[in-house]
Amino acid sequence: MKLELKKINDAINSISNSINHDKWHEALFNAEIILSELEKHEKSDIVLKIYFNLASQFIDAGTYLKNTDAISKGIQIFESNSNHYEENFNINYFYNLANGKLALANNCGYSEERVNFKNIEIFNEVKNLYWKAYKIIKK
């Protein structure tokens, strides 16, 4: 049995509320449940929108908790639907994807390592994503 999309969307709003109240573990736990429920649905515009919100929540909670698996799940959701998200969520897509990749690149803001030849590619990718968002805003 699969949850109705309305109930999944209500759960997404509940996860956002958990994040707003600094209940990061609760948010991440519920995001995992909703991801498994959402995977039971055929992809449609509304399902992709819910996935978009869920990906952002994985990145937000994962970054705060320094949970790279959660951040990676958010990035994977974004990248697996990139054509749809570039077209429909452009600024928010590039910005949120950049946030996720930056969190992985700098250990959620805790890395003391400087940019070097070993990690320059990921930082360059992050810069390019932020730049895409900025260029769209300037239009």
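Author: A residue is called buried when its relative accessible area is under 20%, exposed when that area is over 50%, and partly exposed in between (1.4 Å probe, protein chains only). By this rule leucine 65 is partly exposed, because its relative accessible area is 22%.

The model is a predicted one, in which local features need pLDDT of at least 70 and side-chain atom pairs count only at pLDDT 80 or more, while totals for chains, interfaces and linings use all residues. Residues are numbered from 1 along each chain as its sequence is written, and side-chain values use heavy atoms, with hydrogens and water left out.

The chain contains six helices and zero strands; here helices (H or I, at least four residues) and strands (E, at least two) are DSSP runs, numbered from the N terminus. Read from the N terminus on, the order of elements is α-α-α-α-α-α. The C-alpha trace spans about 50 × 35 × 25 Å along its principal axes. The radius of gyration is taken over C-alpha atoms, and the globule rule is 2.2 Å times the number of residues to the power 0.38. A compact globule of 139 residues would have a radius of gyration near 14 Å, and the 15 Å of the chain therefore agrees. Of the 139 residues, 39% are buried.

Two further totals describe the surface and the charges. Accessible areas come from the Shrake-Rupley method with a 1.4 Å probe, and for residues only the protein chains shown count as cover. The accessible surface of the chain is about 8600 Å², and 50% of it belongs to carbon and sulfur atoms. Lys and Arg count as positive and Asp and Glu as negative, whereas His and the chain ends are not counted. The place of a charge is NZ of Lys, CZ of Arg, CG of Asp or CD of Glu. There are 17 positive and 18 negative side chains, and the centres of the two sets lie 5 Å apart.

Now to the part itself. Helix H3 covers residues 45-65, which is 21 residues, and reaches 30 Å from its first C-alpha to its last, close to the 30 Å expected at 1.5 Å a residue. That expected span is 1.5 Å times one less than the number of residues in the helix.

Leucine 48 is also found in helix H3. This leucine 48 is buried, because its relative accessible area is 9%. Contact means heavy atoms within 4.5 Å. Not counting residues up to four places away in sequence, leucine 48 touches Lys43, Asn81, His84 and Tyr85. Leucine 48 and leucine 38, ten residues apart in sequence, are separated by 9.6 Å from C-alpha to C-alpha.

Leucine 65 has its own set of partners: with residues up to four places away left out, it touches Trp24, His25 and Leu28. Histidine 25 is 40 residues away from leucine 65 along the chain, and their C-alpha atoms are 7.7 Å apart. For the chain, 63% of contacts between residues at least 6 apart in sequence join residues at least 24 apart.

What follows H3? Lysine 66 does, with a positive phi near 55 degrees. Most residues other than glycine have a negative phi. Lysine 66 is found in the loop between H3 and helix H4 (68-80), and it is partly exposed, as its relative accessible area is 42%.

A positive phi near 55 degrees is also found at asparagine 107, a residue other than glycine. Asparagine 107 is placed in the loop between helix H5 (82-105) and H6. Its relative accessible area is 36%, so asparagine 107 is partly exposed.

In summary, helix H3 holds the buried leucine 48 and the partly exposed leucine 65, and lysine 66 comes after the helix.
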